[in-house]
Amino acid sequence: CACVGGWTGPSCTTPTCATPCENGGSCAALNTCACVGGWTGPSCTTPTCATPCENGGSCAAPNTCACVGQWFGPQCQFGGDMVRIPSTGATTTYIMGCPASDGWCPDFSTPAHQVTLDAYLIDRYPVTAAEYKLCVDAGVCTYIPIVNPRATYDAVGMENHPINFVNWDQATAYCAWLGKRLPTEAEWERAAKGPTHQRYPWGNACPTTWSGTYCADAEWTPSTAKANGWEDYTHDDFYATSPVDAFASGASPEGVQDLVGNVWEWGSDWPQLSYPEDPVINPTGASTGSRRVLRGASYSEDGEFLRSTHRGGRPPSDRESFIGFRCVRTAP
């Protein structure tokens with residue numbers, strides 16, 4: 001047979017496609033491709049996503065969303081509430097540590113030294129129990145069940161409390177799931193101090209019960225407390241953890257919330273025992289160690305521990321009611 005009109009084969013029954021079908025597709029009718037494997041379009045070159053991409057994301061490959069702005073996750077549904085530091089510009093420079101002129105320096109917080117950081121985005125809040133459960137449900141994160149009334153994972157009424165009883169590896173895995181990472185110690189402190197190097201995220205003021213020498217404010221009450229610390233010192237009305245957005249008045253100048261109190265936060269560093277004296281750029285701590293850094297103190301600490309410069313550390317395998325985390329990423 002002499003075939004016409006785009007047909008071929010011994011009896012002119014086989015359709016042809018002027019533009020070849022790609023990505024495993026086949027020609028099913030005249031110039032019409034039958035696509036497979038998450039592809040569509042006239043030549044099977046347009047990827048499709050079974051679950052739609054959210055928050056401005058687009059389908060970049062079969063079932064793979066390309067996210068924009070501050071959104072992450074399989075469907076660009078997580079992590080949108082992040083704060084850029086600095087708000088503009090490629091870098092930020094500040095004095096890390098407690099200056100000798102302060103006179104009330106926490107242990108291991110000296111010497112004060114200049115640090116320059118590339119711009120980054122930091123979670124506005126610590127990772128919540130509900131957010132962490134989504135990662136577990138996705139089969140990416142793990143959680144080891146524990147019988148403890150302070151455990152927030154899958155606990156009714158604690159969905160918006162920070163996730164706790166997670167170790168350093170588990171925190172790292174969660175951040176990686178969203179294309180993020182744990183903050184360096186320097187990134188965490190810059191977020192807590194703000195651009196003006198404050199003693200606390202909310203400023204320099206503190207109740208006299210914290211220090212009769214360095215503080216002058218009246219005692220806090222549940223309605224005026226700026227952080228969830230040891231109840232005898234902060235009077236915040238929480239026995240253990242609290243919702244991550246419970247202390248809006250304690251936010252940093254750039255709007256990062258719950259940085260001190262509630263739960264200590266894992267950082268990426270093996271902390272150095274003392275800081276260098278010379279200026280540094282994007283410091284990442286010691287090359288090895290036995291403890292990963294913790295910053296921010298928790299619901300069981302007093303005012304000295306709630307300082308922006310206070311440092312802590314724990315073996316990375318530790319899981320405690322007073323340890324949680326938040327994530328960062330390099331700013332686009």
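Below are my entries, one topic at a time.

**Ground rules.** I'm reading a predicted model, where local features need pLDDT of at least 70, side-chain atom pairs count only at pLDDT 80 or more, and totals for chains, interfaces and linings use all residues. Residues are numbered from 1 along each chain as its sequence is written, and side-chain values use heavy atoms, leaving out hydrogens and water. Helices (H or I, at least four residues) and strands (E, at least two) are DSSP runs, numbered from the N terminus.

**The sheet.** I looked up an open sheet of four strands, and its order is β16-β15-β13-β17 with mixed pairing. Two strands pair if DSSP finds at least two bridges between them. The edges are β16 (311–314) and β17 (323–324), each pairing on one side only. I then checked β15 (residues 292–295): four bridges join it to β16, and the two run antiparallel. Arginine 292 sits opposite arginine 314 of β16.

**A helix across it.** Helix α3 (residues 185–193) lies across β13 (264–266), β15 and β16, at about 5° to β15. Axes here are lines fitted to C-alpha atoms, for helices over the stretch in contact, and angles run from 0 to 180 degrees between N-to-C directions. Contact means heavy atoms within 4.5 Å.

**Two packed helices.** At what angle do α1 and α2 pack? I found about 80° between α1 (residues 129–137) and α2 (residues 168–177), with the axes 11 Å apart. That makes α1 roughly perpendicular to α2 (under 35 degrees is roughly parallel, over 145 roughly antiparallel, 65 to 115 roughly perpendicular, the rest oblique). On the α1 side the contact uses Glu131, Tyr132, Leu134 and Cys135, and on the α2 side Gln170, Tyr174 and Trp177.

**Cis bonds.** I noted a cis peptide bond between isoleucine 85 and proline 86, with omega about -5°. Proline 86 is in the loop between β9 (82–85) and β10 (91–96). Another cis bond joins threonine 110 and proline 111, with omega about -5°, and proline 111 is in the loop between β10 and β11 (113–118).

**Positive phi.** Asparagine 63 has phi near 55°, a positive value in a residue other than glycine; asparagine 63 lies in the loop between β7 (58–61) and β8 (64–66). Aspartate 154 also isn't glycine, and its phi is near 55°. I placed aspartate 154 in the loop between α1 and α2.
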